[in-house]
Amino acid sequence: MTLPTAKQPICLTIAGLDPSGGAGIAADIKTFSRFGCFAAAAVTSVTFQNTRGVFGAVHQTAESVRKQVEAVLDDYKVAAIKTGMLPTREIIETVADLIEERQLKNVVVDPVVRSTSGFDLIDDAALTALIEKLFPLADIVTPNLPEAERITRFEIRSDEDIAKAAAIMQSYGARNVLIKGGHNVKVECGMRNADSKAIDYLFVGDRRQIFEAEFINTTATHGTGCTLAAAIAANLARGNDITQSVKIAKEFVSEAIRTAPHIGHGHSPINI
């Protein structure tokens, strides 16, 4: 039997574990695989969650995270890295140090700060470290509207506010910023005065691009942010540029929402 010799790009996720399989590392691994990449993972926290919400978490130590990541990097050539839930300042500083030490490329930082159910996943000290240590190393940062508001410390109510928030995050060192607007469709409808759209705003340098998709009225949205960021990382690993990667990832997530299986009793996972 002859085995295939083509090599898959290797993507590494550093994030939390969702035992229900809809978000976090489980979503990242499925997304990497869906785009033909080989998935590696380091666990930062074991969360207690399902489609109804997040009920708690037990965090790893910074040393545990370092040893997990080093084991991967000592053996594999990683083409892209995606960070998700980084719950403590020590873990964030460790991840930033590793990215710098190993000169890792195609770094996607998804600043996970709060679950949809309202559970805080990161404290203020960790958020400060995320901004100071990881934003300058990121090729792209992918906050949703609530996350962008917490990072920038002001309310976003207009297109101008979104541009201002992106500029602030770029002043923190983020080269490119994707602000996911679909999280709050009421705000989006107010901005656009049009039929409901899920609108994301990509800022590449000082250039803004808008990605629109149909707003799908569904509760099957568990893991959308993780999946979008992982899809961007996978596409960067495959050689696409930032704009192409965001466009493909946006289309992928829209279809995953549209075809979601509707399992569980809360916000069902999307169809990765």
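A residue counts as exposed when its relative accessible area is over 50%. By that cut-off Gln103, at 61% relative accessibility, is exposed. The model described here is predicted. Its protein chain holds 9 helices and 9 strands. The radius of gyration is 17 Å, close to the 19 Å that the globule rule gives for 272 residues, so the chain is as compact as a globular protein of that length.

**Overall form**

- Along its principal axes, the C-alpha trace of the protein chain spans about 55 × 45 × 40 Å.
- Buried residues make up 53% of the 272 residues of the protein chain.
- The protein chain exposes about 12400 Å², and carbon and sulfur atoms supply 49% of that area.
- Of the contacts between residues at least 6 apart in sequence, 70% join residues at least 24 apart.

**Helix α2**

- Helix α2 covers residues 62-73, and its 12 residues should span 16 Å at 1.5 Å a residue; the end C-alpha atoms are 16 Å apart, which agrees.
- Buried positions in α2 are Ala62, Val65, Arg66, Val69, Val72 and Leu73.
- Viewed down the axis of α2, these buried residues fall within an arc of 130 degrees, so they line one face of the helix.
- Lys67 and Ala71 are exposed on the other side of α2.
- The cover over the buried residues of α2 includes the strands β1 (10-17), β2 (38-50) and β4 (78-83), together with helix α3 (89-101).

**Helix α9 and its surroundings**

- Helix α9 (residues 242-258) has 17 residues and reaches 24 Å from its first C-alpha to its last, close to the 24 Å expected at 1.5 Å a residue.
- Ile242, Ser245, Val246, Ala249, Lys250, Phe252, Val253, Ala256 and Ile257 are the buried residues of α9.

**Thr227 in helix α8**

- Thr227 sits in helix α8, which runs over residues 224-237.
- With 0% relative accessibility, Thr227 counts as buried.
- Leaving aside neighbours within four places in sequence, Thr227 is in contact with Ala27, Thr31, Phe252, Val253, Ile270 and Ile272.
- Two of these partners, Phe252 and Val253, are listed among the buried residues of α9.

**Ala129 in helix α4**

- Ala129 belongs to helix α4 (residues 124-134).
- The relative accessible area of Ala129 is 0%, so the residue is buried.
- Apart from neighbours within four places in sequence, Ala129 is in contact with Arg89, Ile92 and Leu134.
- Ile92 is 37 residues from Ala129 in sequence, yet their C-alpha atoms are 6.5 Å apart in space.

**Cysteines**

- A disulfide requires a pair of cysteine sulfur atoms within 2.5 Å, and by this rule the count is 0 disulfides.
- For Cys37, the closest cysteine sulfur is that of Cys11, at 3.8 Å, which is too far for a bond.
- Cys37 has 2% relative accessibility and therefore counts as buried.
- For Cys226, the closest cysteine sulfur is also in Cys11, but at 15 Å, again too far for a bond.
- Cys226 is buried, with a relative accessible area of 15%.

- Gln103 is placed in the loop between α3 and β5 (107-109).
- Although Gln103 is not a glycine, its phi is positive, at about 50 degrees.
- Asn106 also lies in the loop between α3 and β5.
- The phi of Asn106 is positive as well, at about 55 degrees, and Asn106 is not a glycine either.
- Gln103 is exposed at 61% relative accessibility, whereas Asn106 is partly exposed, with a relative accessible area of 22%.

Note on methods
Residues numbered from 1 in each chain as written. Predicted model: local features only at pLDDT ≥ 70, side-chain atom pairs only at ≥ 80, totals over all residues. Heavy atoms only, no water. Helix = DSSP H or I, 4+ residues; strand = E, 2+ residues; numbered from the N terminus. Expected span 1.5 Å × (residues − 1). Buried < 20%, exposed > 50% of the residue type's maximum accessible area, 1.4 Å probe, protein only. Arc of directions from axis to C-beta. Contact = heavy atoms within 4.5 Å. Rg over C-alpha atoms; globule rule 2.2 N^0.38 Å. Areas by Shrake-Rupley, 256 points an atom, 1.4 Å probe, with all protein chains shown as cover.
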